[in-house]
Amino acid sequence: MKNESMSEGLSEVPRVMALSEAKALFASLPPVDVPQMIGRWHGVSIATGHSTDLLLDNSGWCGKKFESADIVHPLIHKSILGEVYLNPGLIPFTIFESLGVAEWP
């Protein structure tokens, strides 16, 4: 993560946990203000047993970028052409169905 004080303790989060544990962890995190989020963030996935577990890792996802409260790039992927910013709202849901990952938590 970008801001060390915000990521304190998160480096110790296991990369595998039950979905209910992951949801509880997320719910326990304190809220942050927009200025704290501005910048580029490196992310890692947590395997929860959900059908989408490997989707981010296998697609080359490397993080997200917050330019402002209204301009966010939630899916940054590495490719042979460099970084690619994807807008998940523009990805047809049928792609996920064809991959067998249409069931979301």
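## A facing pair in the sheet

Lysine 78 lies opposite glutamate 83, a residue of strand 4. This arrangement belongs to a predicted model, and what follows describes that model. Strand 3, which covers residues 72-79, pairs with strand 4 in the antiparallel sense, and 5 bridges join the two.

These two strands are part of an open sheet of 4 strands, in which the order is 1-2-3-4 and the pairing is antiparallel. Strand 1 (39-42) and strand 4 (82-86) are the edge strands, and because each has a single partner strand, one side of each is left without a neighbour in the sheet. From one strand to the next, the twist averages 30°.

Side chains of opposite charge can pair when their charged atoms come close. Which residue forms a salt bridge with glutamate 83? The partner is arginine 40, and the closest N and O atoms of the pair are 2.4 Å apart.

Are the two partners buried, partly exposed or exposed? Glutamate 83 has a relative accessibility of 39% and therefore counts as partly exposed, and arginine 40, at 36%, also counts as partly exposed. Both values fall in the range between the 20% limit for buried residues and the 50% limit for exposed ones.

## Serine 45 in its loop

Serine 45 is located in the loop that runs between strand 1 and helix 4 (55-58). Its relative accessibility is 10%, so serine 45 counts as buried, the cut-off for that class being under 20%.

Which residues does serine 45 touch, once its neighbours within four places in sequence are left aside? Serine 45 is then in contact with Arg15, Asp53, Asp57 and Trp61.

## Histidine 73 in strand 3

Histidine 73 belongs to strand 3, the strand that pairs with strand 4. With neighbours within four places in sequence left aside, histidine 73 is in contact with Lys64, Lys65, Glu67 and Tyr85. For one of these residues, glutamate 67, the side chain is joined to that of histidine 73 by a polar contact of 2.8 Å.

A further distance can be given for histidine 73 and glycine 63, which are 10 residues apart along the chain and whose C-alpha atoms are separated by 8.8 Å.

Key
Residues are numbered from 1 along each chain as its sequence is written. This is a predicted model: local features need pLDDT of at least 70, side-chain atom pairs count only at pLDDT 80 or more; totals for chains, interfaces and linings use all residues. Side-chain values use heavy atoms; hydrogens and water are left out. Two strands pair if DSSP finds at least two bridges between them. Axes are lines fitted to C-alpha atoms, for helices over the stretch in contact, and angles run from 0 to 180 degrees between N-to-C directions. A salt bridge is a side-chain nitrogen of Lys or Arg within 4 Å of a carboxyl oxygen of Asp or Glu. Buried means under 20% relative accessible area, exposed over 50%, partly exposed in between (1.4 Å probe, protein chains only). Contact means heavy atoms within 4.5 Å. A polar contact is a pair of N or O atoms within 3.5 Å; within protein, one must be able to donate a hydrogen and the other to accept it, and residues adjacent in sequence count only if both atoms are side-chain atoms.
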